[in-house]
Amino acid sequence: LLTGCISKDSSAEKLYQVLENVVDAEKEFEEQQEPLADLERQEKEIYNEIMTLGMKQHDKIVTLSDEAHSLIEKRKNHLQMEIDSINASKKEFKKAEEVIKNIKDPDQKKKAEDLSKIMRNRYQLHGILSKNYSSALDRDKELYLMLKEESISYDKLEEHIAKLNTTYQKVFEANEKFNDLTGQYNERKLEFYKQAGLNLDEEK
């Protein structure tokens, strides 16, 4: 619920509306996080089960690898929905940058420009994050194809798993930075609202 005095600079009110539209654009992004985590957990369980099986149980390994492959495809779909949502947010945020140019109050403008810089960095980082995650999914798929081969050597598997772990480490690091920038963005956004005389009270 938006209450209180709005700044005389109508650009502040316009920016508020655009930033709330950005929030709406990222709802689909938010909605992908839980199912993605759930699919990752399911796949991890399958992988752990495969690792406990010997090659005499090759048929079981093939069945489980196919199940894992199916989960990877679902993860790819959720990743694409996440990317589409961030792209929609980016498109909406371009409107914010236009509004920021017209803010007359120097203090408000400075806070808005800081906000814009953080968001641009956040978008760039999500590009890196999604690229690394997509690479990890491709390597996951390769791993399960390798596991289906009866003659696959332990050394080849070990080498591939090492590369896969390196890729997931990049995903983890990018995700940590992305979450940090998201936190910074939300803090600066509230600072801007306060500076502009926008008092936000959550509806009870």
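R41 has a relative accessibility of 42%, so R41 counts as partly exposed, a class that lies between buried, under 20% relative accessible area, and exposed, over 50% (1.4 Å probe, protein chains only). Before I go on: this is a predicted model, where local features need pLDDT of at least 70, side-chain atom pairs count only at pLDDT 80 or more, and totals for chains, interfaces and linings use all residues. Residues are numbered from 1 along each chain as its sequence is written, and side-chain values use heavy atoms, with hydrogens and water left out.

Back to R41. Its side chain forms a salt bridge with E45, at 2.9 Å from N to O; the term means a side-chain nitrogen of Lys or Arg within 4 Å of a carboxyl oxygen of Asp or Glu. Both residues sit in helix α2, four residues apart, about one turn of the helix. Helices here are DSSP runs (H or I, at least four residues), numbered from the N terminus. E45 is partly exposed, at 46%.

Now a pair from two helices. D140 and R75 form a salt bridge, with the closest N and O atoms 3.4 Å apart. D140 is in helix α4 and R75 in helix α3, so this pair ties together parts 65 residues apart in sequence. Both residues are buried. Shared partners also join D38, R41 and E45 into one network of salt bridges. The count of salt bridges comes to 17.

Last, the D66 and K148 side chains meet in a salt bridge of 2.7 Å, N to O. D66 lies in helix α3 and K148 in the loop between α4 and α5, 82 residues apart.
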